[in-house]
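Hello,

Please find the sequence and the structure below. My notes come after them.

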Amino acid sequence: MHATLQRVTDRIIERSKTTRAAWLQRMQAARLSNTTRSSISCTNVAHAYAAMPANDKLVLKAARRPNLGIVTSYNDMLSAHQPYEHYPELVRQAAREVGATAQVAGATPAMCDGVTQGQPGMELSLFSRDVIAMSTAIALSHQTFDAGLYLGVCDKIVPGLLIGALRFAHLPAVFVPAGPMASGISNSEKARIRQLYAEGKVDRDALLESEMASYHGAGTCTFYGTANSNQMLMEIMGLHLPGAAFVSPNTPLRDALTRAAAQRAVALSEAGHTLADVINERSIVNGLVGLLATGGSTNHTIHLVAMARAAGIQINWDDFNDLSAVVPLLARVYPNGKADVNHFHAAGGMAFLIRELLDAGLLHEQVQTVVGNSLRDYTREPWLDNGQLAWRDVPLASGDASVLAPASSPFSADGGLRLLSGNLGRAVIKVSAVAAEHRVVRAPAILFDHQDALLAAFKRGELERDFVAVIRFQGPRANGMPELHKLTPTLAVLQERGFKVALVTDGRMSGASGKVPAAIHMTPEVLSGGPLGKVRDGDLIVLDAEAGTVHAEVDAAEWAQRDVPTPHTDTTYGFGRELFTGMRQHASDAESGAMTFAFSD
């Protein structure tokens, strides 16, 4: 095992000793108190099963076989979740085949950041994670289930499902993905049209045609953003069946994996295995390594922190940073390359990646998963052998070395995610898609209090120069920390015109953001008195991704005297202010997971 992997794991265990012990004690108490259907009254039971088919009622009345609770994020507006419409029936049939039963325990909201990007609804995006966690816990609170099946794919949805499931970790849990849509036009072509539109060189009809050729069917968007980073995490942390992450929806293999997930949940329940057996410090570190090795979404510098804390495990940005220094980048998937996740999967996918990392000593192998007690089980890929689901060893060589590289010949020696610190605070930056010549920017600051103000300045021709855009009042307490992804095409246009440009903000960028250097999640946020608020127009800002620093070149005495302003007006559109006042008041900073309002201790 790599020494850094062991060192980081050991310090997480030490740091988490008190909170982890308290969480495990609660889970053990839940096991011993038999918080399942056998402990509830006959009236409760009758209510819970009143609408079930007669044969299922007979099974449930005997109370000898497990009853699975399905928590679904299905809606047919979100392409990634539309395939879940038919999953409950597949699960019920699979459970009956092994003498068990299954019910939809409840549903969670599932908003689409692709729809709300740059719109008022984006203010609700990060807050929705805790709503999803709460709704998951509400679904399971009926105590009529012996295991949970969790149907979710996209950005805040999987983190919310896992945070909620970890309050019921005395039960087994299996996460069931839906898979990516078929490949459309290339991601590079999509990005080219977006930039042309930002410059006014193509019209809205051309943009819409391009976007609809990219997002064109059922399944996850095929770039490697937060949604597909979620699926990678659930697999490398042992919560999927091996190889399940990137099998396309509405295919025989996908349906076979869904049925197998249901039957595996039955087996786990009968064997007494639980989610608490799977999620520990080692599995969380495996998730961190997977994120870095694939160039995954920066959103998980927030989500993974919150997910870990829901299990009493304390991780922080120093852990990301130290692991990133030794974990090689093995995947080139847009925005870190031209390929999409379908190409990644065809080249060997998760099984190849996990085998390479295990053999390099960069993953914990002896961990409990939903299929066994070794992550080595995940170096095999699923296939249909005469119509029957089976697993086989992944090929030794990558199917496409330009997309998926061996650990002996990585795309870069580090994971590309770095911690930045300086007199502006602490931030994170993903450099895996940033060219070397753009990783250091020294330029005057231009202040904005909203992303629309930057776009308006661009349209007025005021940004044809070197600058660092400082966008303030975008943290969780200010307006819910919306993604600022619609800035990407505009900033990319200016970069391609030869200007040195960078972004520094206490807000977020999308998991799809890439080639423009962006110091994001700056903490403390400005509304909480963060020093980013001391920046004034014209201050020289130095963002040095190689050295891991971001600071304002201002005399120390003057800097100390400067005040942090408050916004002249409420910076929200209204949704975040009106609906989530309580969460905004209690929100922690980005480094603490941003929204750990209801589910952390």
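Please keep in mind that the model is predicted.

Strands

Strand S3 covers residues 147-151 and runs parallel to S4, with four bridges joining the two. Strand S4 is made of residues 173-176. Ala173 and Phe175 point one way from S4, while Val174 and Val176 point the other way, and all are buried.

Salt bridges

The whole structure has 31 salt bridges. One of them joins Asp277 and Arg31, whose closest N and O atoms are 3.2 Å apart. This pair connects distant parts of the chain, since Asp277 sits in helix H13 (residues 275-278) and Arg31 in helix H2 (residues 17-32), 246 residues apart. Asp277 has a relative accessible area of 27%, so Asp277 is partly exposed. Arg31 is also partly exposed, at 33%.

Another salt bridge links the side chains of Glu356 and Arg355, at 3.2 Å from N to O. Both Glu356 and Arg355 are buried.

In the salt bridge between Arg460 and Glu462, the closest N and O atoms are 2.7 Å apart. Arg460 is exposed because its relative accessible area is 53%, and the cut-off for exposed is over 50%. Glu462, at 39%, is partly exposed.

Finally, a network of salt bridges links Arg7, Arg11, Arg15, Asp319 and Asp322.

Regards

How values were computed: Residues numbered from 1 in each chain as written. Predicted model: local features only at pLDDT ≥ 70, side-chain atom pairs only at ≥ 80, totals over all residues. Heavy atoms only, no water. Buried < 20%, exposed > 50% of the residue type's maximum accessible area, 1.4 Å probe, protein only. Pairing = 2+ DSSP bridges. Salt bridge = Lys/Arg side-chain N within 4 Å of Asp/Glu carboxyl O.
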